[in-house]
Amino acid sequence: MADLLINTFGLPDWLAWSVTAMVAAVLILNVIAGGALVFIWAERKIAARIQDRLGPTRTGGRFGWLQSLADGIKLLAKEDLMPEGADALLFRIAPYVSFCASFCAFIALPFAFDVVGQRLNVGVFFVVAVLGLEVFGVILAGYASASKWSLFGAMREAAQVVSYEVPLGMCVVVPVMLAGSMDLVTIGEKQAGWFTNWYLFHDPFTFVIFWVYVTCAVASVNRAPFDLAEAESELVAGFHTEYSGLRWSFFFMAEYGSMFLVSALAAVLFLGGWNGPVPVARLLGLSEGTGDTAHYLVRLVGCGNLLLKATLGVLVMMWIRWTLPRLRIDQVMTTCLKYCTPIAAAMFAGVLLWQLALPGGLVRGLPHWLSRPSGEIREGWLEGPGGRAVRRSRTTSGPSQAAPRAAAMPEPSVSRPGSHGVAEVRP
Amino acid sequence: MMFCSAAPCAVALAAGFPALPLLAAAPFTTPVGVAHYLVVGAILFTTGVVCMALKRNALGVLMGIELVLNGANVNFVAFSSSYLRGEGAASLGLDGQAIALFVILLAAAEAAVALAITLNFYNNHATVDVDQADDLKG
Amino acid sequence: MSGASIGLLAAFAPPLAAINWHSVLFFLFAVVACACAVAVVLADNVVRMAFYLVLSLGATAGLFFLAGAEFVGAMQLMIYVGGTLVLLVFGVMLTAQAPFVAIKTSSSDRVLAGLVGAALLVVLLQSAFRVDAWRRPAVADPGPPTATPLGMALLGIRVDEPAAGSPAAGGSVAVVRNGYLLPFEIVSVHLLVVLVGAAYLARAKRRRTPRAIDVAASSTGPETAAREARRSSTSALVSGGRP
């Protein structure tokens, strides 16, 4: 967009970049805030229906569309309380720390091909790292509230989030391994085409890893059945007991933002990202050159795809919340350390072996594997020039190692839209 | 409103001292080099050393150690960056980043052990005040 | 008013025409990092110190991103801030009882430490500005992304260097630098050892004799005893309910 501003409107460089940055920030903020608005209403409706009642039916018509707005107005008008023994600075700043962590992770999340705040080479790593920083807001809130309920809730949540980062990291590494890059745009781009290209259907290990990821993601954002930090029946309201009004709403925007983020991350990593189940654009023969109207339309549809998948993920999380009973803290820890982590590790090893034996996934790899010649040593698949995968096989040691080493250096992350997925080099 | 009161200053600046706004904006218009990063690293390092020397709380001393390691990391990353040194200048390149990586990992390990020691000390002496760790004092 | 604003704009026009956002962001992160580091020293409340340290290290991660070391920056955020500092904050929470939250140092110690720190800072700053090549970059070019070369280097393969004996290295074997496979493995084992050791050191022990803190608590009254009970139950909750 900055190039558009510089070239078309003749703005100076610095102004173009700052306008672009501000537009991106405002858009992301709207995604979080607008999303929170929609999700709060959706949560109430879904909760109601699961519990065999109706939910909001008065504000704004038959379906209570404006219920979120009414909630927002109520929260804004509430008295701003602070407990007497509270640490004033930390009490005030805690919701913003949580919200910032949730917001910053959206910087690296792509909404369509190259529609991303900042295209980081280490996108996946950055998102998972920043997600883990939300725990500071919770701990600060719990401590600064000067109340034992808050402190207990905060410590439980911190232990839970930090523990679940381990299996979450392992689950997230699997699509990185399949795509060969930590760049989220590359990972999404590799899954272009039919829905069988999605990493979910790549091999059975990745399928299982997806479900482990869902479990760890739900635990990471402290949604039921892992929501001890806010366990209403036990701790009043956990770490945000003493918060009311706008400060509380920041915590909840952070929570819904995180839910949306982990769902969008799952969509990009496993569910094809912005690619729909049918490659309509490719079938229609739409050109993918930059600056084309069709190109922008394709990207817009891509954004819509990703938002749809992320919303579905959030709705599934809500469904799980109102269906399953809450786990105790020791059950939460057991699930993490005795189930999620070993399963994730085993599946990771399985995907590793699968990649060695059958690269290219179930649909495309099997025919290739069935027809390969015997007695060939394969080194693995690496990115060669042109974004295609080249097989690099070790023949002899010595000076010839220089050539494979030079070829092993992948292309810098400029993935052209024309290179769809991993193309195999026939033997 | 702000511009109205600054009108005479603006006229004076525009007329007599054209260099002053240029000077004031100089940090934001010129690209930063390695030296700027080294200043940040030096401040972090010195602050960490002072923190280690000053704090009586054992966890405060631990925070000083973290600051020291971070100052060193900033230096390493600055030296490794080809962006800061410009084309053609020798930089540490990958080595600097790898060293910074290892420093982060080792700092995590050391913080874990230091925290375990502190907790043990707290359990045994009912305090985290390092001035009271004088059992072996001769 | 419009005339005055135009005059002001004209005065600032030359510098505004060339704002380097990289520099602006660098100064933003640098000021936050240094100010929070100084705040760590000046604060008395240990919880606030921990919070300022989090901010300082987060700003340092921003500095790493600005220098083009994206992987190191993400690693700083995940491991240093998200791991080490969480550990530190846990430790602070477990020991943040009223007498220990704000321990003051004597002013003579503070003066001495300040002098030593100032001397060290002067020496470091002087050396930083002495080398001309460090002051301004000739051409600022972001360089290739470093995640993959770094990963390959950790596996022992240096893709950013010409291989030994190749024509690009002039046929020499000496120019090649090895990868970091051995340090990588050593650090992995080191982390495992540290994990086991720290877990053993800080394990909850069954005591037949009362602990020093319990003795101190019972001797100072019910209020402190209640706080101690809360602290021990907090640690019990965190450790999963075992005694």
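Visitor: Where in chain A is A:Val122 found?

Guide: Look in the loop between β2 (115-116) and α5 (123-131) of chain A. Keep in mind that this is a predicted model.

Visitor: What makes A:Val122 count as buried?

Guide: The cut-off is 20 or more other C-beta atoms within 10 Å. A:Val122 has 25 of them within 10 Å, so it is buried.

Visitor: Which residues is A:Val122 in contact with, sequence neighbours aside?

Guide: Leaving out those within four places in sequence, we get A:Met182 from chain A, plus C:Glu70, C:Phe71, C:Ala74 and C:Ala147 from chain C. To be called a contact, a pair needs C-beta atoms within 7 Å.

Visitor: And how far apart are A:Val122 and A:Thr334?

Guide: They sit 212 residues apart in sequence and 31 Å apart in space, going C-alpha to C-alpha.

Visitor: Let's move to α14 of chain A. How do you know what span to expect for helix α14?

Guide: The expected span is 1.5 Å times one less than the number of residues. Helix α14 (residues 329-357) has 29 residues, and 42 Å is expected. From its first C-alpha to its last, the helix reaches 41 Å, close to that value.

Visitor: Where does the kink in α14(A) lie?

Guide: At A:Cys340, shortly before the proline A:Pro342. The kink is about 30°, taken as the angle between axes fitted to the seven residues ending there and the seven starting there.

Visitor: Which residues of α14(A) are buried?

Guide: Among them are A:Ile329, A:Val332, A:Met333, A:Phe348 and A:Trp354. A:Cys340, where the kink lies, is buried too.

Visitor: How many helices and strands are there in chain A?

Guide: Chain A has 16 helices and 4 strands. Of its 427 residues, 44% count as buried. Among contacts with a separation of 6 or more, 74% join residues 24 or more positions apart.

Visitor: What about chain C, how many helices and strands does that have?

Guide: Chain C comes to 10 helices and 0 strands. For burial, 34% of its 243 residues make the count. Residues 24 or more positions apart supply 51% of its contacts with a separation of 6 or more.

Visitor: Where in chain B is confidence lowest, and where is it highest?

Guide: Confidence is lowest in helix α1 (residues 2-5) of chain B, with a mean of 44, and highest in helix α5 (residues 58-80) of chain B, at 93. Over residues 1-5 of chain B the pLDDT is below 50, and this stretch has 6 contacts in the model beyond near neighbours in sequence. For chain B as a whole, the mean pLDDT is 81, with 75% of residues reaching 70 or more.

Terms used. Residues are numbered from 1 along each chain as its sequence is written. Chains are lettered from A and ligands numbered from 1 in the order in which they are written. This is a predicted model: local features need pLDDT of at least 70, side-chain atom pairs count only at pLDDT 80 or more; totals for chains, interfaces and linings use all residues. Helices (H or I, at least four residues) and strands (E, at least two) are DSSP runs, numbered from the N terminus. A residue is buried if 20 or more other C-beta atoms lie within 10 Å of its own, exposed if 12 or fewer, and partly exposed in between; C-beta atoms are placed from the backbone. Two residues are in contact if their C-beta atoms, placed from the backbone, lie within 7 Å. pLDDT is the predictor's confidence in each residue, from 0 to 100.
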